[in-house]
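Subject: Structure for your files

Hello,

Here is the structure you will be working with. My notes on what turned up in it follow below.

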Amino acid sequence: MAFLLAGTAQAHRPDTAIAEWELHGRSEGLARPDTVCQDFLQAMGRKPTELEYVGCTQDDDSYIQPMEARYRVSGASAAKIEAYLQQTFGMPSLTYVCCGWSSGAPYFWHEQPGSVKYQIGMGVESLHHPRTQWSAIPYFTVTVAVNRKGP
């Protein structure tokens, strides 16, 4: 039993977590274990002025320890931000399904092999306003998320 507890305590040490990340996490696209929940687009130097950073949440109790930065953009600027996210990150076009506009299934982007994989999405729950009437929608949400542990 003492051996088990000693192993668990060592796994929680920051230097051990970084070493584990260097061995496996980096190649899996995970964020470093010491990553701070933040405005990820600003940190990358890729945040358009139309996006308002709302905040970042993290779930340290989850097995994958996700962090999600949330942004909002006015409906009037949504098409411009959608085009930016498509051009910069390859995000798919928004489509209207059931109850809102969405970029669809989770979409992941990374700058190069071995770099952090970001999950990027955009959408809004709303009545079906055609694209030409997106300005009638107060705000769309953009999310940028990372995981610090693999499944």
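**Disulfides**

Cys-37 and Cys-56 are joined by a disulfide, with 1.9 Å between their sulfur atoms; a disulfide here is a pair of cysteine sulfur atoms within 2.5 Å. The link of Cys-37 and Cys-56 is left-handed, with -85° about the S-S bond. Cys-37 sits in the loop between α2 (14–25) and α3 (40–44) and Cys-56 in strand β1 (residues 52–58), so the pair ties together parts that are 19 residues apart in sequence. Helices (H or I, at least four residues) and strands (E, at least two) are DSSP runs, numbered from the N terminus.

Before going further, please note that this is a predicted model: local features need pLDDT of at least 70, side-chain atom pairs count only at pLDDT 80 or more, and totals for chains, interfaces and linings use all residues. Residues are numbered from 1 along each chain as its sequence is written, and side-chain values use heavy atoms, with hydrogens and water left out.

Cys-56 is partly exposed, at a relative accessible area of 22%. The cut-offs are under 20% relative accessible area for buried and over 50% for exposed, with partly exposed in between (1.4 Å probe, protein chains only).

The structure holds two disulfides. The other pair is Cys-98 and Cys-99, with an S to S distance of 2.3 Å. Cys-98 counts as exposed at 62% relative accessibility, while Cys-99 counts as partly exposed at 40%. With the bonded cysteines numbered in sequence order, the pairing reads 1-2, 3-4.

**Positive phi**

Cys-98 lies in the loop between β3 (95–97) and β4, and its phi is positive, about 55°, although it is not a glycine. Most residues other than glycine have a negative phi. Gln-65 is another non-glycine residue with a positive phi, near 45°. Gln-65 is found in the loop between β1 and β2 and counts as buried at 15% relative accessibility.

**Overall layout and confidence**

The chain has four helices and seven strands, in the order α-α-α-β-β-α-β-β-β-β-β along the sequence. Its C-alpha trace spans about 65 × 30 × 20 Å along the principal axes. Of its 151 residues, 32% count as buried. Among contacts in the chain with a separation of 6 or more, 59% are between residues 24 or more positions apart; contact means heavy atoms within 4.5 Å.

How confident is the predictor in the chain, by mean pLDDT? The mean is 89, and 91% of the residues reach 70 or more; pLDDT is the predictor's confidence in each residue, from 0 to 100.

Ser-103 lies in the loop between β4 (100–102) and β5 (107–109) and is buried, with a relative accessible area of 8%. Leaving aside neighbours within four places in sequence, the residues in contact with Ser-103 are Met-91, Pro-92, Ser-93, Leu-94, Ile-120, Gly-121 and Met-122.

Met-122 belongs to strand β6 (residues 118–125) and counts as buried at 3% relative accessibility. Met-122 and Leu-30 are 92 residues apart in sequence, and their C-alpha atoms are 21 Å apart in space.

Met-122 also lines the second largest pocket: of the 15 lining residues, Gln-119, Ile-120, Gly-121, Met-122 and Thr-143 lie nearest the centre. On a 1 Å grid over the protein atoms alone, a pocket is an open set of points where a 1.4 Å probe fits, with protein on both sides within 12 Å along at least five of seven lines, and lining residues have an atom within 4 Å of a point. The second largest pocket holds about 180 Å³ of space, a volume being the space filled by probe spheres set on the points, which are joined across faces, edges and corners.

β6 and β7 (139–147) each supply at least two residues of this lining, and β6 gives the largest share, five residues. By class, the lining has six nonpolar, eight polar and one charged residues. Ala, Val, Leu, Ile, Met, Phe, Trp, Tyr, Cys and Pro count as nonpolar, Asp, Glu, Lys and Arg as charged, and the others, Gly among them, as polar.

Regards
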